[in-house]
Structures are given as structure tokens and as C-alpha cells.
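Visitor: I have a protein model open and would like to learn how to read it. Could you take me through it, feature by feature?

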Amino acid sequence: MSDRRRIEFGDFQTPDSLARDVCRALRRLRIPAASIVEPTCGIGNLAAAAFEAYPAAGVGRLAELNADYAAQTRLRLATIPAAGGIEVREADFFRTDWQEWLAPLPEPLLVIGNPPWVNNSQLGAISGQNAPTKNNSAALRGIEALTGKSNFDVSEWMLNTLVDSVAGRRATIAMLCKTSVARKVLARAWAAGRSISSARMYLIDSTSSFDASVDACLLVCRFGSRSSPRRCDLFARLADTHPCRQFGFRDGRLIADTRLYARWRHLRSSAPVRWRSGIKHDCAKVMEFRRTGGRYFNGWGQPVALEEEYLFPLVKSSQVAAGLTTETDRWMLVTQRRVGDDTGQIRSRAPRTWRYLQLHAERLGRRRSSIYRNRPPFSIFGVGQYTFAPWKVAISGLYKKLAFRKLGPYAGKPLVLDDTAYFLPCTTEAEADRLAGMLNEGPSHEFLSSLLFWDAKRPITADALGLLDLELARAAGAE
Ligand SMILES: C[S@@+](CC[C@H](N)C(=O)[O-])C[C@H]1O[C@@H](n2cnc3c(N)ncnc32)[C@H](O)[C@@H]1O
């Protein structure tokens with residue numbers, strides 16, 4: 001199979017050893033099973049391990065898109081005692097009515113599997129079609145419209161479908177998937193009020209099992225008549241019996257550490273604090289410069305002679321993360337004071353800057369994001385009065401570190417940030433010192449830590465930062 005097809009169909013079969021470890025963990029948890037369901041069974045490794053671990057399960061429903069794999073699975077299971085009760089369908093997950101197919105199965109159900117780990121942007125890049133309908137691109141746009149997200153995992157869609165299909169039944173879903181997918185599926189099920197009696201997440205080493213560097217887990221989610229507090233036990237290894245942490249759903253959102261959150265929940269603001277992001281211009285080669293020996297060089301290394309008026313010292317997100325915020329050799333062309341400002345005035349105020357922008361007008365006009373459409377030429381975003389505040393407290397949204405840094409004026413001008421950093425403006429250095437000190441330790445730090453999932457692609461978000469009430473945090477820190 002070509003690499004492209006392997007990615008599109010997530011063709012990374014679960015090794016037999018991991019399949020057996022998964023089933024051993026399920027037995028240890030006393031997960032019951034009268035019927036076994038494998039929605040994307042591949043060559044049947046997980047299904048075979050499940051029937052071996054549950055010899056009393058007499059019924060099975062297995063599906064697989066790849067005809068050869070479905071045939072291999074049939075052959076493999078032909079000699080086991082439950083063989084007569086097992087149906088292996090060569091079928092597309094997305095064209096299967098799961099609720100109907102699973103309806104006659106005796107309970108409790110065990111839905112076990114390892115669905116493909118591909119997401120819609122990877123599918124788009126390889127022109128893959130393995131999405132909810134045949135019309136792939138329309139379907140993916142449909143998913144985006146539905147979820148409001150631009151990044152959607154195929155397995156997330158599959159798991160959500162399975163959760164909906166077992167609603168109201170005694171069932172366990174035990175799936176190998178990305179940790180981010182498991183969290184989103186749980187959050188959706190909790191938000192919808194599904195009766196989940198227990199949820200567990202076991203981290204697995206995806207490098208040794210699948211030669212993939214992905215944060216992955218076994219999600220074990222039991223459904224039944226009794227709902228537990230919306231909480232999931234997190235285990236560092238499949239063999240562990242004691243959770244290292246619990247995450248859950250509190251006050252309408254996923255919380256990374258429910259115990260820590262319970263301790264500091266009173267610091268949550270009722271009106272979110274507005275953390276700002278740095279300037280977005282999507283054209284670093286033109287808009288960003290290095291200054292050496294008093295001269296500015298653009299992204300092509302060309303020297304440019306511009307007026308000082310629109311140039312501001314820049315601290316990149318990486319510099320913020322590294323704590324290198326007191327000086328910089330980077331500068332940015334800031335063409336507006338506020339979003340939407342008329343850029344035409346640059347012509348008379350700074351004619352050389354205007355000529356430079358004209359020289360690169362085509363490239364700037366070609367910027368892909370739709371936010372630049374019907375805007376004055378050379379527009380930027382993430383700019384306002386706050387951009388020009390003399391002092392700031394900033395954090396990088398790119399790095400997995402809860403470290404807030406003070407930024408002050410440099411070369412007589414306020415430092416500006418790129419759009420991957422978040423900050424709060426301050427008027428004085430003393431205010432910035434107090435704020436950074438408060439955010440970096442004690443109650444504020446613990447409250448924010450309770451919210452953030454460090455294995456997420458971008459764990460730090462303006463939305464999470466904004467939940468900390470600064471006044472309450474200050475008072476709590478002073479206690
Ligand atoms: C990660 S492999 C896992 C196979 C098996 N569950 C296991 O754990 O050994 C994913 C499997 O899903 C199958 N698959 C991918 N897309 C599918 C779809 N739309 N419908 C059914 N099966 C699909 C692939 O052919 C592949 O065998």
C-alpha cells in the first residue's frame with residue numbers, strides 16, 4: 001500500500017501484543033461483554049484479542065473497508081467458538097447505519113477498535129476521500145461548518161457516531177485514539193448529558209506500537225443508567241491501576257486537572273479578561289526586519305531605508321518563551337494604529353515607507369486570509385491602543401510553558417509582539433512587574449495550570465487565560 005493510502009485509511013494495524021494488553025486491561029477493569037463490535041477491524045488483531053479475552057461473548061459485528069483485510073479477519077476468526085455469531089462486513093464506516101446494525105445485539109456491548117488517526121487537513125493535502133460522504137471536500141467543509149473547527153479528526157467523527165449509536169444501552173467503548181480526540185469526544189458526550197458511568201484514559205507509547213509520534217491513548221468509556229460526575233481518570237500507562245490525574249467537564253468546559261480546579265475555581269472570572277494577541281500581517285518577508293549597524297534588512301536580506309515613524313521593535317513568540325524580552329534586533333512595519341485605519345496617510349507622513357509598500361503591493365495584496373479582503377491596502381490585524389502600551393506582560397502561545405514575561409520600551413518605542421503571543425497592556429513598569437509576578441506563581445499559576453492540557457497542539461489560549469480574574473487572583477496571592 002502506498003504511503004498516501006496508508007495515511008488516508010490510517011492503515012497502522014494494532015500489534016498483537018498491544019491488542020492483548022488492551023484486552024487484559026479491560027478484563028482487569030471487569031468490563032463485561034456479551035457482544036463485541038469492531039467498527040474498522042483491519043486484519044482483526046484487536047477483534048481476535050477481544051474474543052480470546054471474552055470467550056463467553058457469542059456475537060460479533062465487525063466492519064472493514066478493505067476487502068482483503070475483511071477476508072483475513074474472517075479467516076482468522078473462523079475457528080473460534082463464537083465464529084457462528086460473528087459477521088464481518090466489508091463496509092464503509094460512514095455508510096453504515098450503526099444504530100440499526102447494533103440494535104439486535106445482546107448487552108452489554110463492547111465496542112473496541114482503533115479507527116484511522118488522519119485529520120481533515122492531512123486528507124486535504126493528499127486529496128483523500130475517506131470522510132463522511134463521497135463528496136469529500138464538501139463533506140469536510142460541512143464538518144467544519146458543523147463544528148466551527150478547521151481541524152477535525154476522522155476518528156473523532158467515528159467515535160461520536162458510535163457514542164450516539166449506543167445511547168441508552170449498556171455498553172463500553174474502548175478505543176485507541178489520539179488523546180486530543182478522546183478529550184473532544186468525552187467533552188461532547190458530557191455536554192450532551194450522555195450517561196457515562198465511568199471514563200478512563202490510558203496513555204500509550206505510539207512510537208513503539210505505531211512508529212508515530214502522536215499523543216495517543218486507550219479511551220475506556222462505560223455507558224449505562226448511572227452517570228458519574230463528569231470526570232475521566234488519566235493513567236500514565238496501560239498497566240497502571242492508580243490514576244495520575246483526573247480531567248473533566250466543569251462549568252461548561254474541559255478542565256485538565258479537576259482537583260486543582262476545585263481548589264481555585266473561585267478565581268474564575270465572570271466576565272472574561274481580554275488577553276490580546278500580537279500583530280498579524282501574514283507577510284514576514286516584507287513587514288519584518290533585522291537591524292544591524294543602524295540599518296534595516298528585510299526578509300530577503302535587502303537593506304531598506306524607511307522613516308522611523310512606522311517601525312517598532314519586535315519580540316517574537318520564541319523570544320518571549322526564552323525570556324529574551326529586554327532587547328531585540330527585530331523590527332516590524334506597523335502600518336495602522338487601529339484595525340481598518342486609512343493607510344493612505346502613510347504617503348505624506350512617510351514617503352519612503354509608502355514607496356517600499358508600493359514596491360511590495362502585489363505580494364501584500366496576495367495574502368491568502370480572507371480577513372484582508374475589502375480592507376485598506378497593507379492592512380494588519382491585532383492592532384489597537386493596547387499595541388502601543390509602553391509596558392506589557394506577555395506569554396508565548398507556541399510553547400508549552402506557563403511563563404509570563406515583562407516587556408518594556410526599547411529604543412524609545414513600545415515593543416510589539418507577533419500574533420502567536422498573548423499579552424496584557426500595562427501603563428507602568430511597576431504594574432507590569434506586579435502582574436507578571438502574580439501570574440507566574442501561587443494561586444494564578446495553579447488556576448491556569450488546572451485548565452491547560454499540555455499535550456494539546458496549542459495548550460495556551462487567550463480564552464483559557466481570560467478565565468482568571470486578576471483582582472481575585474491578586475487578593476488570593478496576598479493571603
Ligand atoms: C489503525 S487501523 C486499525 C485496524 C484494527 N482496528 C486494529 O486495531 O488492528 C484502521 C483500519 O481502519 C480501516 N478503515 C479506514 N477507513 C475506514 C472506513 N471509512 N470504513 C471502514 N474501515 C475503515 C483501515 O482499512 C484500517 O484497516
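**Reading the strands and helices**

Guide: Strands here are DSSP runs of E with at least two residues, and helices are runs of H or I with at least four, both numbered from the N terminus. This is a predicted model, in which local features need pLDDT of at least 70 and side-chain atom pairs count only at pLDDT 80 or more, while totals for chains, interfaces and linings use all residues. Residues are numbered from 1 along each chain as its sequence is written.

Visitor: In which sense do S6 and S8 pair, parallel or antiparallel?

Guide: Strands of a sheet pair through backbone hydrogen bonds, either parallel or antiparallel. Two strands pair if DSSP finds at least two bridges between them. S6 and strand S8 (residues 231–235) are parallel, with 3 bridges. S6 (residues 196–204) is also joined to strand S7 (residues 216–223), by 8 bridges, and that pair runs antiparallel. There, Met201 faces Leu219 of S7.

Visitor: What is the order of the strands in the open sheet of 6 strands?

Guide: The order is S14-S13-S12-S16-S15-S19, and the pairing is mixed. Strand S14 (303–304) and S19 are at the edges with a single partner strand each, so one side of each has no neighbour in the sheet.

Visitor: Which strands are joined to S15, and by how many bridges?

Guide: Strand S16 (residues 330–333) is joined to S15 by 3 bridges, antiparallel. Pro313 is opposite Trp331 of S16. Strand S19 (residues 416–417) is joined to S15 by 2 bridges, parallel. Here Leu314 is opposite Val416. Elsewhere in the sheet, strand S12 (residues 288–292) and strand S13 (residues 295–297) run antiparallel, with 3 bridges. Arg291 is opposite Tyr296 in S13.

Visitor: Why is S15 described as largely enclosed?

Guide: Count neighbours. A residue is buried if 20 or more other C-beta atoms lie within 10 Å of its own, exposed if 12 or fewer, and partly exposed in between, with C-beta atoms placed from the backbone. In S15 (residues 311–315), 5 of the 5 residues are buried, so the rest of the structure largely encloses this strand. Across the protein, buried residues are 42% of the 479 residues.

Visitor: How do I describe two packed helices?

Guide: Two packed helices are described by the angle between their axes and the distance between the axes. Axes are lines fitted to C-alpha atoms, for helices over the stretch in contact, and angles run from 0 to 180 degrees between N-to-C directions. Take helix H8 (residues 154–165) and helix H9 (residues 179–191): the angle is about 35°, and the axes are 10 Å apart. Residues are in contact if their C-beta atoms, placed from the backbone, lie within 7 Å. H8 contributes Ser155, Glu156, Leu159, Asn160 and Val163, while H9 contributes Val181, Lys184, Val185, Arg188 and Ala189.

Visitor: How many residues of each class are in that contact?

Guide: There are 5 nonpolar, 2 polar and 3 charged residues. Ala, Val, Leu, Ile, Met, Phe, Trp, Tyr, Cys and Pro count as nonpolar, Asp, Glu, Lys and Arg as charged, and the others, Gly among them, as polar. Helix H8 also holds Trp157. This Trp157 is buried, with 22 C-beta neighbours inside 10 Å.

Visitor: What should I look for in the backbone angles?

Guide: Most residues other than glycine have a negative phi, and most peptide bonds are trans. Asp251 has a positive phi, near 50°. Its place is the loop between strand S9 (245–250) and strand S10 (253–255). Phe378 also has a positive phi, near 65°. The loop holding Phe378 is between helix H16 (361–365) and strand S17 (391–396).

Visitor: Are Asp251 and Phe378 buried or exposed?

Guide: Asp251 is exposed, with 9 other C-beta atoms within 10 Å. Phe378 is buried, with 27 C-beta neighbours inside 10 Å.

Visitor: Which peptide bond is cis?

Guide: The bond from Glu107 to Pro108 is cis, and its omega is near -5°. Pro108 is in the loop between helix H5 (98–102) and strand S4 (109–113).

Note on methods
Contact = placed C-beta atoms within 7 Å.
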